[in-house]
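Please keep the sequence and the structure in view while reading.

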Amino acid sequence: FVFFMWMPIRFLAMCSSLQRDYGTNAGDIFTDSARNLLMSNIGFGNVSSLTSYSVMYSSFTTLLLIMLSAVIAAMEGYSYLYDRRKVDRFHSEPVSCRIRFFSIYLNGFKNFALPYLCSVLLSVLIGGYYHLLTGKMIGYFVGITVFTMLFFLAVYHMAILAVVLTGNYIAGVCGILAFLGIEWAIRSLVYRYCLAYYHTFSSYSRDEIMSPVFSVATIFLQGLRKFAVNGEKTVTALLRQMGSSVGGMLLLAVIALALAYLAYRNRPAEAAGHSMAFGFLKPLVKITAMVLAGLTLGWILSDLSGKSNYIVGIGILMGVLLAHCIVGIILEQRLSAVFHNLWQLGLGIVISGLIFSVFAFDLTRFDDRVPKAADIDTVAIALSAQQNDSSSYYGDFIKVMVKRMYLKDTEAALQFAAADYFHQTGDNELLDYNNQYDVTTVLYRMKNGKEYYRTYYIDMAAQSDMMDRLLENEDYKKAVFRIYDEDYMVGYDRK
């Protein structure tokens, strides 16, 4: 019912509203706006138009509805495992474990697939009524619908696995949230600690660190981002551009379903009502939660205290202790659990401290890593002074420079690395707001296809020779100052 209300009925109402607003004298505007709405309803379109806000809002709401449907289907079908009487009744029937598992599985999938596919079909029919459809659009809708169903299955399988591994609703919901979000949480913490403690780390490395491996929602969104909807796309282009995302979600779906079935077959009947169906998982769950909580609170206090190691250590200790109490009570289902398994508390503190030390003391020597000249193909160099002067003209100056600048003079970038304040002094406490230094972003494009961003603090007054060499580079001038770009100026003159 929710999908019927959200997709075809809402789409019909909005088309009627657009038709009243634009009338018959603005057919093209109505058609473009209505197509955007149709794309957002079915294909998660993200296009710039008169209804761009509605498109974005509709796309993410549809995505959340699909995720919620997968979680509800898993909880509704397998939550009988939380009740001992229902377990005894279901498992006393003369039905094999395999048939019981997949009967419930198919029923949950059917409860989502039928209303969703009918809603898609009705939306397409409404689009046909308003003469919005083309052959390419229909092909695209077929491809994106298959991709969406695969996304549902990936979330559905992970939710089933979480339900089967747990023994009550609280633990089950926590398990689902953990499976869907733990990789994002870990990668987000890694990014925050890199940004806080690595002197040469660039915020433009975020996409590299945040690229998911096990997060189905992020894989799905990245797949859609690769296939940005801007007009009509074909199913062939969809599969070509989102092949890695399709393969990643399919692999995760298969692995999660296999693990869920194995856990279902080996789940003890007496696990109903307990927090975890398999006791050996309790220490792993608890220690992971303690480490994440400790590092999160440590990072928050690091940001507030100016990266004081003592304050961060207190924050890590408090976070680990808090998680030990909360998670212990949930797992053991009694308040006295805060005094049990103190070795897990100690291990959580040690692991959190070690991870913090890796970043705080740069044990991996991240700031000392400079690519070899023989391994570099091209570089892009963006000076913050020019970024401030050109922000209104270029927008995001660094992103524009990355697209426009391909310097073959790789020695210039290595000179910037050697002239960096940290590399010259070993002092990592330089304030970003010191006007004497320019915050320079360098992108190394390696011959093996990899890319590395680095941030260097350069004393421009003391490095005048290096700056002169850079400013005299023809490729650099063409990228930064368009007046030196003959191709651009020819096009400008024609205008």
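Which helix gives the most to the lining of the largest pocket? The answer is α7, with ten residues.

## Basis of the values

The model is predicted, so local features need pLDDT of at least 70 and side-chain atom pairs count only at pLDDT 80 or more, whereas totals for chains, interfaces and linings use all residues. Residues are numbered from 1 along each chain as its sequence is written, and side-chain values use heavy atoms, with hydrogens and water left out.

## The largest pocket

The largest pocket holds about 1100 Å³ of space, a volume being the space filled by probe spheres set on grid points that are joined across faces, edges and corners. A pocket here is an open set of points on a 1 Å grid over the protein atoms alone, where a 1.4 Å probe fits, with protein on both sides within 12 Å along at least five of seven lines, and its lining residues have an atom within 4 Å of a point. There are 34 lining residues, and Gly-175, Ala-178, Phe-179, Ile-182 and Val-285 lie nearest the centre of the pocket.

At least two lining residues come from each of α6 (135-165), α7 (169-197), α11 (243-266), α12 (281-305) and α13 (309-332); helices are DSSP runs of H or I with at least four residues, strands are runs of E with at least two, and both are numbered from the N terminus. By residue class, the lining divides into 28 nonpolar, five polar and one charged, where Ala, Val, Leu, Ile, Met, Phe, Trp, Tyr, Cys and Pro count as nonpolar, Asp, Glu, Lys and Arg as charged, and the others, Gly among them, as polar.

Axes are lines fitted to C-alpha atoms, for helices over the stretch in contact, and angles run from 0 to 180 degrees between N-to-C directions.

For α17 (residues 410-419) and α19 (residues 464-471), the axes come within 10 Å and cross at roughly 155 degrees. This makes α17 roughly antiparallel to α19, and their crossing is left-handed.

## Positive phi in two loops

Most residues other than glycine have a negative phi. Gln-333, in the loop between α13 and α14, has a positive phi near 60 degrees, and Arg-365, in the loop between α14 and β1 (376-383), has a positive phi of about 60 degrees.

With a relative accessibility of 45%, Gln-333 counts as partly exposed, and Arg-365 counts as partly exposed at 46%; buried means under 20% relative accessible area, exposed over 50% and partly exposed in between, with a 1.4 Å probe and protein chains only.

## Pairs separated in sequence

Phe-11, in α1 (residues 2-22), is buried with a relative accessible area of 1%, and its C-alpha atom is 8.9 Å from that of Gly-127, 116 residues away in sequence.

Arg-85, in α4 (residues 84-91), counts as exposed at 69% relative accessibility, and its C-alpha atom is 9.1 Å from that of Ala-272, 187 residues apart along the chain.

Conventions: Angles under 35 degrees count as roughly parallel, over 145 as roughly antiparallel, 65 to 115 as roughly perpendicular and the rest as oblique. A crossing is left-handed if the near helix is turned anticlockwise from the far one by less than a right angle, and right-handed if clockwise.
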